[in-house]
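Please look at the sequence and the model first.

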Amino acid sequence: MIKILPVIISILLLYKAELLPEKEYNKDYLSVKTTTILKGYLAFFVFFQHIQGYSQGSSLFLIPFQKYGYLAVGAFFFLSAYGLCFQYLNKENYQKSFISKRINRIVVPYFIVSLIYLFYFNLTGHNYNLLTIIQRILSGDPLATYTWFICEIIIIYFLFYISITLIKDKKTAIYFACVLIIFLKYLLKIKIGESTNLVWWYESTHMFAIGLLYCYYENKILHFIYRLYSVLLSLCLMLFAISLFNYLPIDISEIIFVLLIILFSLKIKINSRVMEFMGKISLYFYMFQGLSIRIVRRFIYFDSLFVMFSLMIILDIVMAFVFQKIYDYIINRIFHSVKS
């Protein structure tokens, strides 16, 4: 029964999707709407990776999500970088509001969510304090379970901001940001990965740099793709199949996976309202995954893993949605108060 969950999510992604005729390509293949929908789907992909570990081997259908969840994380990094770079290239004085927006949209919400985790852990018998939040992040194991991605994306955004602030030439700034991000990847590998075996901290970091470069050279790359679309699709499908048997490095596998997303998005218009909704709350859905899993496992029990996992997903969605609404309301009230 549990194998139905990924199938349902995939059906929701492709619901009302439109396959374009030959020689016609989707100009909005990485628009805000499309990337939002993709992020919604990828958020589920990551969630399945996390809950598979609690299935105790009883769900072979979810094993691929646990084994290849890094592909979704790499795609997240790529799409985030693309959106960031696109705005930077097309908006004047983009860097002026960059820090304030990231603090409001990511840093403050993450701190609040960490406090919610702190309250939950203390409620269930632990003795943690505010210092614990910082200590756990520095150790590579955030108190807000599974949120290492949020911690890393905050660091990457800061590096990107440094680059676009110090360097006025946009091409040079993007290249410098890529250098800093690759340096971060290997620094994380040395400081966190090799000492604690937390490989997920660094195995997908490079995809942010790939996203920046793709955005900058998008027109040239698309011209190449249009001329050789069928060949590239066949080649990427073959290489992706090979990568599933671990015959290719993880770095290359992530690039191929993202190329497949691009190739499919160029020919298929996705219009899933469900996934668009999920994409809009995907950041908070990601933050609350660990908490929803812990609450359901501790306070609810059903023999059916399908019911348990469904409850985890529903609870995560509810917490993410409610948190977003409350947070946005408070921020808007503060913003209007300051303006008046």
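R102 lies over the face of F98, 4.5 Å from the centre of the ring. A charge counts as sitting over a ring if NZ of Lys or CZ of Arg is within 6 Å of the ring centre and within 35 degrees of the ring normal. K170 has its charged end over the ring of Y88, at 5.2 Å from the centre of that ring.

The model is predicted, so local features need pLDDT of at least 70 and side-chain atom pairs count only at pLDDT 80 or more, while totals for chains, interfaces and linings use all residues. Residues are numbered from 1 along each chain as its sequence is written, and side-chain values use heavy atoms, with hydrogens and water left out.

**Aromatic pairs**

A pair of aromatic rings is described by the distance of the centres and the angle of the planes. Rings of Phe, Tyr and Trp (its six-membered ring) pair if their centres lie within 6.5 Å; planes under 30 degrees apart count as stacked, over 60 as edge-to-face and the rest as tilted. The search of the whole structure finds 29 aromatic pairs. Among them is the edge-to-face pair of F77 and F208, with 6.5 Å from centre to centre and 75 degrees between the planes. F77 lies in helix α4 (residues 69-90) and F208 in helix α9 (residues 206-216), so this pair ties together parts that are 131 residues apart in sequence. Helices (H or I, at least four residues) are DSSP runs, numbered from the N terminus.

The rings of Y157 and F208 have their centres 6.1 Å apart and their planes at 70 degrees, so this pair is edge-to-face. Y157 lies in helix α7 (residues 148-166) and F208 in helix α9, so the pair ties together parts that are 51 residues apart in sequence.

Are these residues buried or exposed? F77 and F208 are both buried; the term means under 20% relative accessible area, with exposed over 50% and partly exposed in between (1.4 Å probe, protein chains only). F208 has a relative accessibility of 0%, and Y157 is buried at 11%.

**I174**

I174 lies in helix α8 (residues 170-196) and is buried, with a relative accessible area of 0%. Leaving aside neighbours within four places in sequence, I174 is in contact (heavy atoms within 4.5 Å) with C85, Y88, L89, L212, L213 and Y216. The C-alpha atoms of I174 and C215 are separated by 10.0 Å, and these residues are 41 apart along the chain.

**Pockets**

On a 1 Å grid over the protein atoms alone, a pocket is an open set of points where a 1.4 Å probe fits, with protein on both sides within 12 Å along at least five of seven lines; lining residues have an atom within 4 Å of a point. Grid points are joined across faces, edges and corners, and a volume is the space filled by probe spheres set on the points.

| Pocket | Volume |
|---|---|
| Largest | about 1,300 Å³ |

Of the 39 residues that line the largest pocket, K39, Q87, R102, R105 and L283 are closest to its centre. Helix α4 gives the most to this lining, with eight residues. The lining of the largest pocket has 20 nonpolar, twelve polar and seven charged residues. Here Ala, Val, Leu, Ile, Met, Phe, Trp, Tyr, Cys and Pro count as nonpolar, Asp, Glu, Lys and Arg as charged, and the others, Gly among them, as polar.

The second largest pocket is lined by 20 residues, and L13, Y41, F257, I261 and F264 lie nearest its centre. By class, 18 of its lining residues are nonpolar, two are polar and none is charged.

Definitions and conventions
Helix = DSSP H or I, 4+ residues; strand = E, 2+ residues; numbered from the N terminus.
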